[in-house]
Amino acid sequence: MRVGKTKELLIEQIKARIPLLVQHNGILDEIAIQLNKYNISLGNIIELINDHNKLIEAQLQELLLLGEQLHLKFADSDQDWIKEWLNPSEIKELRLYIKESPYDEIITLPYTFENVIKTGHNEYAAIVPNSIIGKLWMSGITMYNPNIQRQAKKKRVKNEIIEVMNLNPKSLREIEKQTLDGDLITSTLRYNAKVGTGEDGVELIYDDREKSLTLLEGTQIDVLDGAHRTFSIYNAYMKKVDLEGNMIVIFSNMTEAQCKRVQVDMAKANPIPKPRLRELAKDKLADEVVIELKADGELKGRITSNSNVKYSYGEVVTFSELSDAIDHSFQLENRLEVIEVAKVINDYMMYLFAYYKSNLSDKNSLMFKSRMFIGHIELAARMFEHTIPFDNLRQYLNKIDFSTDNPLWEEIGILKYGSMSARSRTKIQTVFQHLLKE
């Protein structure tokens with residue numbers, strides 16, 4: 001390696017680009033394709049970007065190859081990155097690198113499971129050896145999809161907030177040990193073949209006569225339930241190939257929306273934070289508006305599925321608070337109005353955040369308090385109703401004293417803990433309604 005370059009410096013460069021990588025699944029797949037010729041699988045890459053300790057333990061060659069791909073995908077310059085790190089002879093040696101593996105070969109699609117029982121519409125049950133569970137993850141066949149998980153975890157990486165697997169390290173270690181010792185009790189995992197990912201538009205083929213299930217090329221298999229067990233079994237597999245024991249795996253073929261409904265059903269036995277449950281259930285049209293706002297626009301990354309807002313992570317409002325506010329202020333009649341209302345709210349938020357950005361970090365200001373969004377949504381609805389341009393927003397909001405010292409907020413319940421009464425909600429709405437009448 002060239003003078004001044006170290007493994008530690010390389011790791012820091014990789015970590016700096018992880019936030020960009022996790023936001024682009026397509027680029028992650030492209031990188032996996034490029035690194036596959038070095039026997040570095042998608043599972044290996046995911047492990048590296050999710051676990052700092054794995055980065056430290058990784059071979060220098062793996063880090064250099066990953067670093068090179070990240071530079072090619074995200075760097076602004078066209079400079080030959082690898083030449084800054086290695087001399088010509090080292091580069092030549094790097095191109096011959098093949099990652100050592102504890103397995104003979106990775107699993108590729110199509111792949112067939114035998115002795116499979118059809119248990120329902122697009123649902124199949126198979127007994128899968130733990131070694132295959134681990135190998136599926138290692139091969140990048142099974143993967144983590146935060147969109148269908150009950151609760152993803154937000155993590156700060158430098159100045160970026162990213163979603164990662166919400167895993168309990170202690171639980172992972174315990175399951176891994178049980179797997180290595182052959183003591184892991186057989187239980188049920190749920191894997192979903194995501195609709196629309198099969199190369200020819202089909203993800204699964206079930207042969208009723210042969211009782212076999214084939215996963216077809218291109219299919220993305222998301223872990224719907226059993227992330228802890230899957231990842232722990234994978235960790236155990238990387239230490240011991242011939243694992244004992246099996247898991248019952250329910251394979252389904254559903255859309256993300258259908259997967260979320262399954263999560264709601266499972267929540268009856270395994271509690272999920274109420275805001276996240278609401279988000280998955282999509283009980284009303286207002287919930288769909290919030291899901292649109294979470295996906296794109298000014299509120300992307302600012303809406304939390306938890307019960308409490310973490311302002312230090314850039315969050316400003318809970319899913320349920322925002323949904324209730326939309327439900328009370330907009331009269332949504334059908335799904336065609338969902339996109340329109342989401343656009344109205346996003347336009348309002350664009351001016352709100354542009355005009356009052358300094359209030360986000362002002363601890364003495366309640367302008368971006370979660371409950372204050374009851375008022376913001378009401379004002380957005382009334383301004384839209386009266387065709388008042390949102391660039392006039394300042395002339396209305398400047399009439400309100402948003403400081404914590406304003407006794408009005410204590411009176412109407414902005415500062416109270418616990419759930420809000422219907423009367424308090426109405427009072428907040430009224431304050432913002434009066435802005436247009438003054």
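In which sense, right-handed or left-handed, does H14 pass H16 in their crossing? H14 passes H16 in a right-handed crossing, and this briefing sets that crossing beside the other packed elements of the protein. The model is a predicted one. The protein contains 19 helices and 13 strands, and 49% of its 438 residues count as buried. Among contacts between residues at least 6 apart in sequence, 72% join residues at least 24 apart.

**Helices H14 and H16**

- Two packed helices are described by the angle between their axes and the distance between the axes.
- For H14 and H16, the axes come within 9 Å and cross at roughly 35°.
- On the H14 side, the residues that meet H16 are Glu-321, Leu-322, Ala-325, Ile-326 and Ser-329.
- On the H16 side, Phe-373, Ile-374, Ile-377, Glu-378, Ala-381 and Arg-382 take part.
- Sorted by class, this contact of H14 with H16 has seven nonpolar, one polar and three charged residues.

**Helices H13 and H14**

- Helix H13 covers residues 285-295 and helix H14 covers residues 319-329.
- Their axes come within 8 Å and cross at roughly 125°; H13 and H14 are therefore oblique to each other.
- The crossing in which H13 passes H14 is right-handed.
- H13 contributes Ala-286, Asp-287, Val-289, Val-290, Ile-291, Leu-293 and Lys-294 to the contact, while H14 contributes Phe-319, Leu-322, Ser-323, Ile-326 and Asp-327.
- The residues of this contact of H13 with H14 divide into eight nonpolar, one polar and three charged.

**Helices H15 and H16**

- Helix H15 (residues 336-355) packs with helix H16 (residues 373-385) at an angle of about 110°, and the axes are 10 Å apart.
- H15 and H16 are therefore roughly perpendicular to each other.
- The crossing of H15 and H16 is right-handed.
- From H15, the contact is made by Glu-340, Val-344, Ile-345, Tyr-348, Met-349 and Leu-352.
- From H16, the contact is made by Phe-373, His-376, Ile-377, Leu-379, Ala-380, Met-383 and Phe-384.
- The contact of H15 with H16 comprises eleven nonpolar, one polar and one charged residues.

**The six-stranded sheet**

- Strands of a sheet pair through backbone hydrogen bonds, either parallel or antiparallel.
- Six strands form an open sheet with mixed pairing, in the order S2-S3-S11-S7-S10-S4.
- Strand S2 (117-120) and strand S4 (142-143) stand at the edges; each has a single partner strand, so one side of each is left without a neighbour in the sheet.
- Strand S3 (residues 123-129) and strand S11 (residues 246-252) pair in the antiparallel sense over seven bridges.
- Within this pairing, Ala-125 has Ile-250 in S11 as its bridge partner.
- Helix H8 (residues 130-138) packs on the sheet and touches S3, S4, strand S7 (188-193), strand S10 (221-225) and S11.
- The direction of H8 makes about 105° with that of S3.

**Strand S10 and its partners**

- S10 is mostly covered, with five of its five residues buried.
- S7 and S10 run antiparallel and are joined by four bridges; the bridge partner of Tyr-191 in S10 is Val-223.
- S4 and S10 run parallel and are joined by two bridges; the bridge partner of Thr-142 in S10 is Ile-221.

**Two residues in detail**

- Thr-142 lies in strand S4 and counts as buried because its relative accessibility is 2%, and buried means under 20%.
- Leaving aside neighbours within four places in sequence, Thr-142 is in contact with Leu-136, Trp-137, Tyr-191, Ile-221 and Val-223.
- The C-alpha atoms of Thr-142 and Ala-193 are separated by 9.2 Å, although these residues are 51 residues apart along the chain.
- Arg-229 lies in helix H10 (residues 227-237) and counts as buried at 19% relative accessibility.
- Apart from neighbours within four places in sequence, the contacts of Arg-229 are Ile-175, Ser-187, Thr-188 and Leu-189.

Methods
Residues numbered from 1 in each chain as written. Predicted model: local features only at pLDDT ≥ 70, side-chain atom pairs only at ≥ 80, totals over all residues. Heavy atoms only, no water. Pairing = 2+ DSSP bridges. Contact = heavy atoms within 4.5 Å. Axes fitted to C-alpha atoms, helices over the stretch in contact; angles between N-to-C directions. Buried < 20%, exposed > 50% of the residue type's maximum accessible area, 1.4 Å probe, protein only. Parallel < 35°, antiparallel > 145°, perpendicular 65-115°, else oblique. Left-handed = near helix turned anticlockwise from the far one by under 90°. Nonpolar A, V, L, I, M, F, W, Y, C, P; charged D, E, K, R; others polar.
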